[in-house]
Amino acid sequence: MMTEFDSNLSNEEYHDPKFAYRVAMVQKKANNPSTSDLAVEFVKNDTDEAAEINRVLIRDVDKRRFTSRQVWELMQANGYPKFNNNSHMKLWKSLEAKNPDKSFGRAGDYKNTWVWHDSWIERVRAHCEEHAQDYC
């Protein structure tokens, strides 16, 4: 069943960190027969064992976030002084960049806000390079 499910996922879906769940299997010899077949073991959060597990397994999947202002100020700092808020707005609208399927950003933490990810920064940078004469 899992093989069939995995084979029907797109490459983008398969690698999307929002749906990633990883389990590490560690062989552990039991001290007594009653615990030898435990499928799940809960480890207290404030122990050395938990700290080691977190060090090895836990990775922050929250992407860096940029406001619109940070995006266009970054492009200005990278040599495109005429790229401004209006330029940025026209670009994201023309590319429908707020479409969640494109993974350029997401709704912000506050009502009616949007934050952009590194993938959008790279896309904007490529756009500025292609149209350097307009933004320099």
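I started with helix α4, where R69 and E73 are 4 residues apart, so about one helical turn separates them. Helices here are DSSP runs of H or I with at least four residues, strands are E runs of at least two, and both are numbered from the N terminus. R69 and E73 form a salt bridge, with the closest N and O atoms 2.9 Å apart. I used this cut-off: a side-chain nitrogen of Lys or Arg within 4 Å of a carboxyl oxygen of Asp or Glu. E73 has a relative accessible area of 34%, so I noted it as partly exposed. (Buried is under 20% relative accessible area, exposed over 50%, partly exposed in between, with a 1.4 Å probe and protein chains only.)

I kept in mind that this is a predicted model, where local features need pLDDT of at least 70, side-chain atom pairs count only at pLDDT 80 or more, and totals for chains, interfaces and linings use all residues. Residues are numbered from 1 along each chain as its sequence is written, and side-chain values use heavy atoms, without hydrogens and water.

Next, I searched the whole structure for salt bridges and found 5. One of them joins the side chains of R65 and D109 at 3.2 Å, N to O. R65 is in the loop between α3 (48-57) and α4 (68-77), and D109 is in the loop between β1 and β2 (114-116), so the pair ties together parts 44 residues apart in sequence. D109 also bridges to R106, with the closest N and O atoms 3.9 Å apart. I therefore recorded R65, R106 and D109 as a network of salt bridges. R106 lies in strand β1 (residues 105-107). D109 is exposed at 57%, while R65 at 37% is partly exposed.

Then I looked at the rings. I found 5 aromatic pairs in the whole structure. W116 and W120 have ring centres 4.8 Å apart and planes at 25°, so they are stacked. (Rings of Phe, Tyr and Trp, its six-membered ring, pair with centres within 6.5 Å; planes under 30 degrees apart are stacked, over 60 edge-to-face, the rest tilted.) Both W116 and W120 are buried. Ring pairs link W92, F104, W114, W116 and W120 into a cluster.

Last, I checked H88, in helix α5 (residues 85-94). H88 is buried, at 1% relative accessibility.
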